[in-house]
Amino acid sequence: MTWSPGALAPAPGAAPTGQMLKAQTRAELTLMLRNGEQVLLTLVIPLGLLVVLTLIPFVHVPGDDRVGFFVPGVIALAVMSSAFTGQAIGVGFERQYGVLKRLGATPLPRSVLLLAKTLAVLAVELVQLALICVVGLLLGWDPHGSPLAVIALVVLGTAAFSGLGLLLGGTLRGLTTLAAANLLWFVLLVLGGVLFPLSQLGAAEPVLRLLPTAALSDGLREVLQAGHAVPVRDVLALAAWAVGGLALASRLFRWE
Amino acid sequence: MTTPALEVDGLVKRYGGRAVVDGVSLSVPTASVLALLGPNGAGKTTTVEVCEGFRQPDGGAVRVLGLAPKDPALRPRVGVMPQSGGAYPGLTAAEMLRLVASYARNPLDPADLLDRLALTDVARTSYRRLSGGQQQRLSLAMAVVGRPELVFLDEPTAGLDPQARRATWELVEALRADGVTVVLTTHLLDEAERLADQVVVVDAGHVVAAGTVAELTRGDGLRFTAAPGLDLSDLPGAAEEVPGRYVVAGAVTPQLYADVTAWAARRGVLAEDLRSRSLEDVFLELTGRELRA
């Protein structure tokens with residue numbers, strides 16, 4: 001097949017930023033939803049845990065509002081799964097496959113790439129939150145508090161986990177990232193006030209409550225279960241993780 | 001005279017104290033093809049990656065379309081095909097090409113490009129399931145879809161079958177005809193001979209020869225290959241360069257061909273591949289090694 005003269009004549013130029021952002025966000029979302037492990041991690045496991053922990057009383061929770069205790073924790077788990085674990089693994093392998101390096105040679109600005117990743121995570125979180133709320137309501141959940149406070153906590157948690165995820169995925173090799181991200185996911189799940197109240201861990205509680213998953217689940221629980229205002233301590237803990245993680249990630253992140 | 005599309009002057013790049021690129025200079029006029037030719041490890045990829053802005057040089061100067069290699073203004077103007085990888089494994093060939101096209105203001109039609117590079121049948125196949133050759137061709141398509149002024153192709157035909165190689169060559173020739181500057185690396189001599197206006201032969205980080213193919217291969221002597229260790233005493237001007245490869249000095253004339261073949265017939269020698277100096281010979285003479293090694 002021959003090329004007609006002029007078919008390849010140079011006509012360089014970057015697309016409008018909005019067009020790049022839209023295309024990149026769609027690609028990021030497609031990749032997330034096409035990855036079976038990611039869907040398992042972000043949707044199936046949190047929803048499964050919510051149902052099992054609520055219906056089978058093998059974990060003792062304060063009071064008799066089981067679903068009211070577990071919904072906030074599962075929301076925190078869902079945010080951690082997509083913003084931290086999913087991002088870290090995705091970025092780790094994209095570096096290993098040379099995707100990020102190659103995209104660096106295209107007109108796509110780094111900032112638009114990172115914004116697209118963030119938007120994709122937020123979109124997945126919307127789906128997660130909707131499903132968790134629906135399943136929670138079916139289990140008899142009676143939410144309290146201000147939805148704005150919940151949104152603020154989720155956004156802050158997303159920033160904290162994204163920073164940590166980018167830090168991990170942006171510095172380690174793909175397989176190392178995979179192992180570390182899954183391990184941390186598990187540790188933070190166990191010690192994050194998701195499966196059982198941290199008060200059961202006695203003296204370790206004040207320290208563990210500063211972990212990002214614990215701060216998020218505790219904050220959400222204070223709002224959603226008790227109808228309280230957002231606890232300052234949890235906000236400060238999440239903000240510290242967000243600032244620290246994002247600052248370190250922006251310093252240490254390697255594109256290849 | 002207009003500014004060259006690419007100008008490299010005394011480029012040095014070290015890894016751990018060892019210079020992998022050591023004083024490479026080249027100049028590529030707009031709408032021409034330059035082939036960086038050399039064996040694996042010669043410093044071809046490193047040279048190209050400095051020009052692409054991926055690596056910081058340790059010495060020398062590089063100007064790409066008159067700008068510093070890392071200048072963001074270059075990104076839409078330069079197309080890059082790395083030696084391997086560089087695509088999302090989970091996207092299909094068509095999705096990946098459309099994504100890269102969406103970064104450009106006036107991209108080529110991705111479907112047409114896939115068609116011309118014989119990728120239409122695998123357009124809906126995920127990148128990770130493409131064969132090596134298909135991944136190469138998709139990578140080439142990604143480098144040109146944004147209609148750049150200058151493209152860097154790192155080993156564009158490595159692992160391609162002859163048909164796909166021809167499609168790649170036709171694309172490079174069409175790019176040049178339309179005014180695009182092409183810098184490619186290769187260790188394939190026929191590729192450099194066919195495509196390049198200018199060949200720069202690199203070895204161990206140095207430029208060992210540069211010029212047009214005609215300039216580089218100009219010279220006397222006929223070459224042939226045969227069993228090693230032949231007795232050359234009755235073939236005037238003959239010498240065995242490396243075992244099994246012979247050169248017969250003298251002006252390349254029909255008579256010289258006749259003399260050599262007559263000698264071979266007389267001695268019962270199967271003198272194969274009898275020809276004048278090629279780029280392969282040039283490389284061998286300059287480095288004492290074969291290019292494909």
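This is a predicted model: local features need pLDDT of at least 70, side-chain atom pairs count only at pLDDT 80 or more; totals for chains, interfaces and linings use all residues.

Biologist: How do H6(A) and H10(A) cross, and within what distance do the axes come?
Modeller: The axes of helix H6 (residues 147-169) and helix H10 (residues 232-252), both of chain A, come within 7 Å and cross at roughly 30°, and H6(A) passes H10(A) in a left-handed crossing.

Biologist: Which residues meet there?
Modeller: From H6(A) they include Leu153(A), Gly157(A), Ala160(A) and Leu164(A), and from H10(A) they include Leu238(A), Trp241(A), Ala242(A) and Gly245(A). The residues of this contact divide into 16 nonpolar, three polar and no charged.

Biologist: Switching topic, how many residues are in the largest nonpolar core?
Modeller: That core has 72 residues, and among those with the most contacts inside it are Tyr88(B), Met96(B) and Leu138(B). Helix H2 (residues 93-101) of chain B gives the most to this core, with seven residues.

Biologist: And what is Met96(B) in contact with?
Modeller: Leaving aside neighbours within four places in sequence, Met96(B) is in contact with Gly86(B), Ala87(B), Tyr88(B), Leu91(B), Leu138(B) and Met142(B). Apart from this core lies another, of 53 residues, among them Leu41(A) and Val154(A).

Biologist: Now Gly79(B): buried or exposed?
Modeller: Gly79(B) counts as buried, because its relative accessibility is 3%, and the cut-off for buried is under 20%. Its place is in strand E5 (residues 78-81) of chain B.

Biologist: What is Gly79(B) in contact with, beyond its sequence neighbours?
Modeller: Leaving aside those within four places in sequence, Gly79(B) is in contact with Ala143(B), Pro148(B), Leu150(B), Val151(B) and Phe152(B).

Technical notes. Residues are numbered from 1 along each chain as its sequence is written. Chains are lettered from A and ligands numbered from 1 in the order in which they are written. Side-chain values use heavy atoms; hydrogens and water are left out. Helices (H or I, at least four residues) and strands (E, at least two) are DSSP runs, numbered from the N terminus. Buried means under 20% relative accessible area, exposed over 50%, partly exposed in between (1.4 Å probe, protein chains only). Contact means heavy atoms within 4.5 Å. Axes are lines fitted to C-alpha atoms, for helices over the stretch in contact, and angles run from 0 to 180 degrees between N-to-C directions. A crossing is left-handed if the near helix is turned anticlockwise from the far one by less than a right angle, and right-handed if clockwise. Ala, Val, Leu, Ile, Met, Phe, Trp, Tyr, Cys and Pro count as nonpolar, Asp, Glu, Lys and Arg as charged, and the others, Gly among them, as polar. A nonpolar core is a set of buried Ala, Val, Leu, Ile, Met, Phe, Trp, Tyr and Cys residues joined through side-chain atoms within 4.5 Å.
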